[in-house]
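Open the structure in your viewer and keep the selection tool at hand.

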Amino acid sequence: ILVQSQWLNKWEKVNIAGRYSQEAYLDVFFLPSDRNLGWICGFNSQVSFTTDGGDNWETVRVDSDVNIQLESIHFTSPNIGYSSGDDYENNTLGSIYISIDGGRTWVNISPLSNQPYSIWGCYFYDNDNGVAVASSGFTGCEIQVFFKTTNGGQSWTQRRYEIRSGTKLSDVHIDGTTG
């Protein structure tokens, strides 16, 4: 994986050691207030994190029961972070996870729904307020779902929209000051 160091303005190859070193990573996030703290997520439910700016990485699985394709990772503080993605073996289930220990352990906080959906991206602008986007339908793209929480994922509200086939919302960003 390549990570650009913003303060050095150059690219350096970073090796992720261990069992998950050859996996595909789909998102990267470094904490703006401490650029030594970074996380990457991807296939097989894995999240890797660094506390030294990318020199060394530790890898964990957020869920040992399913193979989630984690599409999104975002931390609101050095300890609290969220990751979301789709079960790529059963393409109708999506999940959102929270970590309160810097990415070492994860808990599923997925919204409950009466219909299957694929959750893709999530974004939290503080520890309590966040959104996630999902899709469902015959081809997986007819219905777009927005999930919102105001209590750190303990409960969720949802809005569904019918959108022409072939479109899929995959990522989301909310400005915490203007919404």
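Select S95 and show what surrounds it. Leaving aside neighbours within four places in sequence, S95 is in contact (heavy atoms within 4.5 Å) with I68, S83, S84, G85, N108, S110 and I119. S95 counts as buried because its relative accessibility is 8%; buried means under 20% relative accessible area, exposed over 50% and partly exposed in between, with a 1.4 Å probe and protein chains only. Strands (E, at least two residues) are DSSP runs, numbered from the N terminus.

This is a predicted model: local features need pLDDT of at least 70, side-chain atom pairs count only at pLDDT 80 or more, and totals for chains, interfaces and linings use all residues. Residues are numbered from 1 along each chain as its sequence is written, and side-chain values use heavy atoms, with hydrogens and water left out.

Now colour by pLDDT, the predictor's confidence in each residue, from 0 to 100. The chain averages 81, and 75% of the residues score at least 70. Confidence is lowest in strand 1 (residues 2–5), with a mean of 52, and highest in strand 10 (residues 107–108), at 94.

Finish on strand 4 (residues 38–42) and strand 5 (residues 46–50), which pair in the antiparallel sense over four bridges. Show W39 here: F49 in strand 5 stands opposite W39.

Terms used: Pairing = 2+ DSSP bridges.
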